[in-house]
Amino acid sequence: MTRPVDPVLVEIVRNGVMAVTEEMKTNLMRTAYNMIIYEALDFTVGLFTADGQTVSIGLGLPTFIRGMAETIKAKLKHFGKENIEPGDILLTNDAYITGSHLNHMTFSLPIFHEGELIAFACCMAHWQDVGGQLGGVTTDIFSEGIQIPIIKYARRGVVNQDLVDIIRMNVRIPERAMGDLRAQITAVKTGEKRFLELVTRYGLAEVLQAITVIMDQSERAARARTRAIPDGVYEAQSFMDDDGVDVGSPIPIKVRVEVKGDEMIVDLSDVSRQVRGFYNSGITTGHACAQVAFKCLTSPADYPINDGSFRNLTVIVPPGRVVSATRPAPMRWWMTFPMTVIDTVFKAMGDALPDKVIAGHHADLCVSLVHGTDPKDGKFFLAHMGPLGGGWGAKLSEDGVSATVCINDGDTHNSPREQLEAKYPLLIERYALIEDSGGPGEHRGGLGCETVIRALTDVTMNASIDRAHCLPWGLHGGLEGTGNQVLLRRDGEWDKERVNAKVLTVQIRKGDAYALRSGGGGGFGSPLNRPPEKVREDVRQGYVSLPAARDYYGVVLDSVTLEIDQAASAGERAAAIPVHQKRVAAQGQPVRRLSAAELTQKPPGHAPIPCLRIACCGMVSFPFLEDEARD
Amino acid sequence: MTAGQLRIAGDVGGTFTDVASFDPSTGRLALGKALTTPDFLVQGIEAGILKTGSDAADAGLFLHGSTIAINTMLERTGARAALLITKGFRDIYEIGRVNRPDSYNLYFRKHQPLIPRVDRHEVDERLLASGEVLTPLNDAEISALGEKLRRDGIEAVAVLFLHCYRNPAHELRAKRILQEAMPGAFITVSHELSQEYREFERASTVAANAYIGPRVAGYLQEIDSHLRMLGFAGAFLVVQSTGGLFSFDQAQRQCVRMLESGPAAGVVAAQAVCRGARIENAIAFDMGGTTAKAGVISGGQVLTTGTALVGGYETALPVQIPMIDIVEVGTGGGSIAFVSEGGALNIGPRSAGAAPGPACYGLSGDEPTVTDANLVLGRLGATRFLGGEMRLDIRAAEQALYRKIAGPLGMNLIEAANGIVQIAVTQMAYAVKSVTTSRGLDAGNFVLVAYGGAGPLHASALAREIGIRRVLIPRAPGHFSAIGMLFCDLRYDYVQTRFTKLDDLDFGEFEIAFGEMERQGRDAIEQARVSAGSVQIGRALDMRYVGQEHLVTVDVPLEHFGRQDRQAIKQQFDHIHHTRYGTSAPGERAEIASLRSSVTGRLAKPSLEEVGRGGPEPVRAVRQGSRTAWIGDATAETPVYDRELLQSGNRISGPALIEEHASTTVLFPGDELTVDGGGNLLISVASA
């Protein structure tokens with residue numbers, strides 16, 4: 001019988017492993033060469049047990065919560081534990097193991113103590129380029145770049161130079177790739193050094209035992225919170241616009257959640273089959289979707305993130321789904337669909353856990369990639385325009401947050417516009433919130449953003465954005481926010497109507513521009529119950545337009561003083577009830593797209609608002625243009 | 001009237017106002033503590049001066065630090081301000097960096113701008129990244145806007161134009177026009193505070209300056225007038241977050257530079273004490289009721305940073321100006337211990353604050369805190385807290401500890417109390433280590449200078465945890481920031497973004513840019529009307545490898561510029577990169593993002609009065625009896641000493657407790673303490 005573990009030591013080890021992964025994160029970030037790692041923080045670092053259980057993950061990509069652990073397990077299986085030696089560093093970017101794309105180079109360093117394998121330090125980071133087709137939509141993995149099977153980057157401390165040479169020859173900007181590689185090695189070595197310090201200070205048996213206790217504590221907490229959820233089966237569905245190949249064919253996302261006692265099952269069997277375009281992800285990500293949703297609902301503030309938290313969660317994902325794709329499915333844009341899967345789980349739990357869930361969000365990074373030749377030095381450049389940030393859903397007691405990165409990412413930053421302009425031949429004309437983009441509700445959805453980017457030389461642009469049609473939904477009587485959108489401007493004219501938000505390789509000539517617009521979050525509760533003072537304040541700040549205040553919220557304001565007309569508002573609110581109910585029922589349908597004529601006339605920045613007057617017909621109006629016309 | 005000799009420093013904190021008065025002719029230092037008087041802050045200063053037995057009329061210098069700037073920001077009690085910004089960018093201040101650090105929390109929040117959207121106005125002007133004008137500024141538009149803002153009762157205006165760091169002409173013109181249109185209003189433009197790229201951070205900086213400006217400027221004016229009324233005829237200087245001083249009228253215009261004046265002065269005090277004790281590398285550790293803070297002195301220099309986040313990380317407003325790099329952790333004497341749902345023992349960051357305070361304060365607090373744990377362990381004396389002014393209730397502490405921690409976890413009281421202190425110490429240890437490791441420095445080679453009410457209580461334990469072998473407890477650890485102000489120099493910092501590859505660097509152009517910043521600095525020093533001794537110039541470059549994003553600030557010796565020595569600059573950068581991150585790439589090209597200049601006007605420094613000399617054995621009166629205390633792995637009858645009576649040369653072996661008015665120093669078994677000539681307690685820590 002062993003002595004019970006000292007709770008004080010457990011807490012010291014908890015702080016210790018979190019400090020280790022924090023320092024790994026800091027070191028990676030600061031030595032990385034590409035903006036995706038440094039500014040966008042598209043990486044994840046972690047410490048794992050000798051058999052690949054997650055001990056602590058340094059906050060990075062939530063959706064990569066499983067990627068490293070599964071990769072370590074695969075590496076253990078591949079080599080056999082006995083063939084992993086001190087001084088080894090293991091590498092792969094196998095998309096079907098990490099569950100993501102080939103850009104995610106995943107290095108694992110086995111940590112040894114007196115000859116015994118005791119843990120792994122691991123680091124995944126997104127390399128900006130791994131070769132493969134530039135732009136467009138890929139339809140198999142082979143066009144997406146170099147594939148590195150599970151391999152030893154270093155064997156007993158000796159780097160495999162052949163491998164390095166092969167990588168260098170297969171990527172477009174080898175200096176950057178090698179810079180990022182060095183940064184990742186620094187990160188895993190930092191993890192090794194600091195974890196061994198912890199072991200030296202407190203003893204191996206003690207530290208490992210404390211880790212076991214930390215995981216058990218996380219399990220207990222997760223079970224207690226799951227037990228508080230009413231037993232039952234909960235279902236919801238949504239859809240993606242299309243896979244970029246079969247344009248206009250929606251892709252169904254159906255989830256089923258079963259809660260029984262202190263156990264939860266998330267069943268993703270009815271999520272769409274894998275698709276032809278590059279929006280697939282591997283089974284590791286299918287599991288990650290369920291875990292992220294589960295953690296958000298049961299233990300959002302429990303740290304470190306460890307596998308104990310998920311022992312009472314069962315995930316069902318048969319192979320061949322869009323989140324459990326099999327070789328040779330294309331995977332480059334792996335991150336988009338899982339976000340909607342996670343959001344759909346929240347939607348399913350809307351009635352069971354009203355105080356924990358959130359209405360739909362824009363659910364896309366809304367990034368664009370621009371490449372071309374910089375006239376300043378005649379060199380090839382590849383600009384990753386970073387996440388735009390968009391609207392988040394409202395909650396039971398709070399409005400949604402505006403202009404914030406989607407759930408795939410966490411502490412991810414956009415990049416300073418001044419720096420983009422200094423580095424690339426581009427001019428940012430605008431970066432702004434979109435009025436009326438937030439879903440109306442007692443608590444309003446957050447606002448989406450718009451950016452307009454002008455080319456100062458001929459460039460090629462790619463945007464692979466989804467959720468133009470499946471709008472961020474409202475909950476409990478709240479309404480939808482706006483969808484994501486991409487528009488092009490040629491010779492001063494905004495482009496024709498687009499069928500979706502995917503612009504897969506387009507030439508943008510000098511002086512022309514493109515606009516990215518992220519969706520707004522869904523509302524929560526009926527907008528007819530929002531206190532009129534709050535509606536007035538939203539109008540005063542320009543978050544909600546005057547006509548929308550009347551049409552959606554039933555609040556009538558004086559157009560000059562913004563004073564609330566109480567009597568008119570009361571009448572408006574009563575009359576609007578049936579309209580509102582119709583709208584709630586109509587949610588989840590693809591929106592009517594604007595006609596080409598409408599689009600060329602209406603510059604972005606003025607959100608289309610489906611008209612609410614019962615007498616009219618769901619047409620689209622542009623209230624601000626009308627206001628201007630009156631002036 | 002001529003100014004006197006005295007140097008008076010006043011540090012206004014949330015609860016207390018500390019005053020230090022120094023007479024250079026005698027070396028005498030007098031200290032006074034008075035309650036802070038929120039409605040009329042200068043009253044507390046006057047009371048503090050009185051307590052030191054000094055007269056403002058005898059002072060030649062009044063040095064000042066205050067929490068007013070940061071509190072105005074955190075408590076949202078600033079002016080109604082407007083932001084004028086380049087067309088198309090009205091919302092960047094609200095959009096921010098779009099990050100979501102609290103990744104799994106669906107109830108996450110982001111920063112709240114100090115200037116709401118309705119008060120942010122676009123201006124039709126545009127510069128390119130090169131500084132060339134794309135759209136010229138329309139003077140009529142600005143003056144019409146100014147008119148409107150004046151009519152709307154706007155008290156302060158911030159201006160941010162894109163790429164102004166390459167060409168400030170538009171911002172300068174807008175400022176002039178606004179000043180004419182809005183007489184009496186507080187007008188501030190971004191490039192005067194930061195000439196560094198990153199539009200959101202610069203917008204946040206200039207908006208903060210506008211928001212706090214009218215209140216802070218008025219407050220400084222009030223102090224100045226009041227002191228003049230008391231007969232003060234000297235110079236009034238304010239401590240900046242860099243630990244450097246600037247003149248009162250400069251402080252009135254660039255208020256964001258004094259956000260962290262108190263903590264910065266504490267680090268400067270630690271630097272001064274270290275200089276006296278011939279210590280090159282030290283960690284300045286300040287632990288109070290709700291937080292612990294740490295700054296680093298490396299090679300005698302205080303380490304600084306270019307941006308600080310004000311408010312918790314998730315909702316922080318960035319301020320992009322140079323300041324002392326201070327990390328803060330939510331662990332203090334008042335931090336509450338609790339058992340989480342999964343059965344883990346946690347400490348903080350929730351704090352019992354001053355009311356209800358720790359359970360032992362007897363003010364109805366029933367949650368156990370770090371202070372309660374120290375009392376139960378006997379490290380704090382129940383009858384000697386604040387020199388006996390406040391009696392601690394040990395039974396209340398024991399009950400809280402038993403009910404919330406020891407009972408649920410099946411531990412005894414001592415185990416629980418010891419555990420709480422140990423966990424608090426490790427939490428602080430990780431924070432302290434992070435300030436050094438993030439710079440590639442080994443904390444084990446540093447001396448821990450501990451101050452603040454709770455610093456000396458935990459210093460020896462903290463040193464053990466980090467692997468530090470030497471601890472220094474300065475005199476008057478509870479007044480440390482006020483004392484630190486006496487050691488500050490005049491200092492002006494400038495940053496200018498200038499993207500260029502090192503290979504393409506035009507030394508002539510850089511010389512002009514640095515020269516201009518240095519000229520501004522010298523002028524500012526002259527305007528401060530204080531007889532500064534020598535003026536010292538520092539030059540640094542923010543550098544990275546080509547393609548890399550993160551920047552490293554590299555101090556560059558002036559002669560490298562004189563000799564136009566590209567290679568030496570590159571080597572310096574490679575070296576620093578290697579120290580910090582363990583890698584460097586000497587074969588790769590480097591680029592420069594910004595130039596940094598610091599201009600320091602040295603002021604004569606006080607030499608503090610020495611304490612009396614004694615033998616190794618303290619005189620008998622020093623011994624104040626003993627009490628049972630749990631220190632290290634055992635409980636023992638532990639001797640208690642009175643710090644005020646210690647003399648230089650005295651030695652004490654641990655375990656022991658050394659008490660003074662606002663603090664208790666704990667010596668662990670095996671620790672050896674020596675009192676130095678300056679009255680500092682030097683502790684040699686036994687290895688853990």
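Modeller: Happy to! Let's start at B:Ala476, which is buried because 21 other C-beta atoms lie within 10 Å. The cut-offs, with C-beta atoms placed from the backbone, are 20 or more other C-beta atoms within 10 Å for buried, 12 or fewer for exposed, and partly exposed in between. This is a predicted model, in which local features need pLDDT of at least 70 and side-chain atom pairs count only at pLDDT 80 or more, while totals for chains, interfaces and linings use all residues. Residues are numbered from 1 along each chain as its sequence is written, and chains are lettered from A and ligands numbered from 1 in the order in which they are written.

B:Ala476 is not a glycine, yet its phi is positive, about 45 degrees. The residue sits in the loop between strand 24 (470-473) and helix 13 (480-485) of chain B; helices (H or I, at least four residues) and strands (E, at least two) are DSSP runs, numbered from the N terminus.

Chain B has another positive phi in a residue other than glycine: B:Arg278, near 55 degrees. B:Arg278 is exposed, with 7 other C-beta atoms within 10 Å. B:Ser534 also counts as exposed, with 7 C-beta neighbours inside 10 Å, and lies in the loop between helix 14 (507-527) and strand 26 (535-545) of chain B. From B:Ser534 to B:Gln496 is 38 residues in sequence and 25 Å in space, C-alpha to C-alpha.

Stepping back to the whole chain, chain B holds 16 helices and 35 strands. Its radius of gyration is 26 Å, close to the 26 Å that the globule rule gives for 688 residues, so chain B is as compact as a globular protein of that length. That radius is taken over C-alpha atoms, and the rule is 2.2 Å times the number of residues to the power 0.38. Along the principal axes, the C-alpha atoms of chain B fill a box of roughly 80 × 65 × 55 Å. Buried residues make up 55% of the 688 residues in chain B. Of the contacts in chain B with a separation of 6 or more, 67% are between residues 24 or more positions apart, a contact being two residues whose C-beta atoms, placed from the backbone, lie within 7 Å.

The largest nonpolar core has 390 residues, and B:Ala81, B:Val157, B:Ala207, B:Leu448 and B:Val449 have the most contacts inside it. Such a core is a set of buried Ala, Val, Leu, Ile, Met, Phe, Trp, Tyr and Cys residues joined through C-beta atoms within 7 Å. Leaving out residues up to four places away in sequence, B:Ala81 touches several residues, among them B:Leu114, B:Val157, B:Ala207 and B:Tyr211.

Now across to the partner chain. The contact takes 64 residues from chain A and 54 residues from chain B. On the side of chain A that touches chain B, the largest share, 14 residues, comes from helix 1 of chain A.

Chain A also has an open sheet of seven strands in the order 2-1-5-4-3-6-7, with antiparallel pairing; two strands pair if DSSP finds at least two bridges between them. Strand 2 (54-58) and strand 7 (158-159) of chain A stand at the edges, each with a single partner strand, so one side of each is left without a neighbour in the sheet. Even so, five of the five residues of strand 2 of chain A are buried, so this strand is largely enclosed by the rest of the structure. Strand 1 and strand 2 of chain A run antiparallel over four bridges, with A:Leu47 opposite A:Ser56. The two strands form a hairpin with four residues between them, and A:Gly52 in the turn has a positive phi of about 90 degrees. Strand 1 (residues 43-49) of chain A is also joined by seven bridges to the antiparallel strand 5 (residues 116-126) of chain A, where A:Ala121 is the bridge partner of A:Leu47.

A cis bond joins A:Tyr303 and A:Pro304, with omega about 0 degrees. Another cis bond joins A:Arg327 and A:Pro328, with omega about 5 degrees; A:Pro328 is in the loop between strand 11 and helix 9 (336-348) of chain A.
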